[in-house]
Every structure is written in C-alpha cells, then in structure tokens.
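Hello,

Here is the structure I promised to pass on. Please open it first; my notes follow below.

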Amino acid sequence: MARFGWHATRKLRQYRRRKPHLKNKEVETLGYAIVLDEQLAGGIGLTIDGHKAEIGYWLAKPWWGQGIMTAVVREWTKYIFKKFRLQRVEAKVFPLNRASTRVLQKNSFHFEGRLVKN
C-alpha cells in the first residue's frame, strides 16, 4: 500500500474545471480521473453546497483490493477540507457495496443513517 500513499493523488487528472465564481444557491461540482500505469483506473468527485460537500468515487476492477481508493479518499478529503474550508463531507454508498463502505470507515467517516426510497 505504501506505493499508493499520497502519490496516488498526484496522478489525479482534472476532467471538469472549477467555475470561476459561484452565485447564490449555485452548486459547485469538481471531478478528477484516477490514472494508474498510464490507464484510467477510476474517478473521484465532489459536489459543494455551501459549507458541506458530497464525494463520490469509483475504481475499475483490476485495481480492487490494493488500498488505492482508501489512499485516494484520504488525500482527497484532506485537500477539499483545506481548499474549500468545508465543515462537513459526506458520501452515499449502496447498501451492498461493502468495499466502498470500508473505504469510508478507514477514513473516519461515520454512519449516520439509511436513506429510504431515495
């Protein structure tokens, strides 16, 4: 896992530029591609709404189980808290996606509830 550490975030390539100025009630979205071995391996993004943000991520199957997404989410969360001065970051995970749930647990996210009919 050490080979992914913070270096994984240096491999993130932005695929949507940040809007220069947001107007009231406007939501900001930002996304990055995760590139490993010169191949698209996944993506991570966020939607900012005021003082809080929601993150989402995916990783291609050949890179599962190597600790990559755990490292990327760790560095991504640190970066967005600092850059956007957020007070809260949240993520929604499908109930059967145990791997994504584990990524969040390893990064100190806390389970707050289950969305019904969402």
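**Helix H2**

In H2, the buried residues (under 20% relative accessible area; exposed is over 50%, partly exposed in between; 1.4 Å probe, protein chains only) are Ile68, Met69, Thr70, Ala71, Val72, Val73, Glu75, Trp76, Thr77, Ile80 and Phe84. Helices (H or I, at least four residues) and strands (E, at least two) are DSSP runs, numbered from the N terminus.

This is a predicted model: local features need pLDDT of at least 70, side-chain atom pairs count only at pLDDT 80 or more, and totals for chains, interfaces and linings use all residues. Residues are numbered from 1 along each chain as its sequence is written, and side-chain values use heavy atoms, with hydrogens and water left out.

H2 has 17 residues. Its first and last C-alpha atoms are 24 Å apart, close to the 24 Å expected at 1.5 Å a residue. The expected span is 1.5 Å times one less than the number of residues.

**Core**

The largest nonpolar core has 26 residues. A nonpolar core is a set of buried Ala, Val, Leu, Ile, Met, Phe, Trp, Tyr and Cys residues joined through side-chain atoms within 4.5 Å. Leu46, Ile55, Tyr57, Met69, Val73, Trp76 and Ile80 have the most contacts inside this core. At least two residues each come from strand S2 (28-36), strand S3 (39-49), S4, H2 and H3. H2 gives the most, with seven residues.

Look at valine 73. Leaving aside neighbours within four places in sequence, valine 73 is in contact (heavy atoms within 4.5 Å) with Ile44, Ile55, Tyr57, Val103, Asn107 and Phe109.

The largest pocket has a volume of about 1100 Å³. Of its 30 lining residues, Ala91, Lys92, Val93, Leu104 and Gly113 are the closest to the centre. Strand S4 (52-59), helix H2 (68-84), strand S5 (88-91) and helix H3 (98-106) each give two or more residues to this lining. The lining divides into 12 nonpolar, 12 polar and six charged residues. Here Ala, Val, Leu, Ile, Met, Phe, Trp, Tyr, Cys and Pro count as nonpolar, Asp, Glu, Lys and Arg as charged, and the others, Gly among them, as polar.

A pocket is an open set of points on a 1 Å grid over the protein atoms alone, where a 1.4 Å probe fits, with protein on both sides within 12 Å along at least five of seven lines; lining residues have an atom within 4 Å of a point. Points are joined across faces, edges and corners, and a volume is the space filled by probe spheres set on them.

The second largest pocket has a volume of about 420 Å³. It is lined by 18 residues, and Trp64, Met69, Ala99, Ser100 and Val103 are the closest to its centre. S4, H2 and H3 each give two or more residues to this lining. H3 has the largest share, five residues.

**Single residues**

Threonine 101 is in helix H3. Threonine 101 counts as partly exposed because its relative accessibility is 31%. Its C-alpha atom lies 9.4 Å from that of alanine 91, 10 residues apart along the chain.

Most residues other than glycine have a negative phi. Two to check follow.

- Arginine 85 sits in the loop between H2 and S5. Its phi is positive, near 50°. At 75% relative accessibility, arginine 85 counts as exposed.
- Serine 108 is in the segment after H3. Its phi is positive, about 65°. At 57% relative accessibility, serine 108 counts as exposed.

Best wishes
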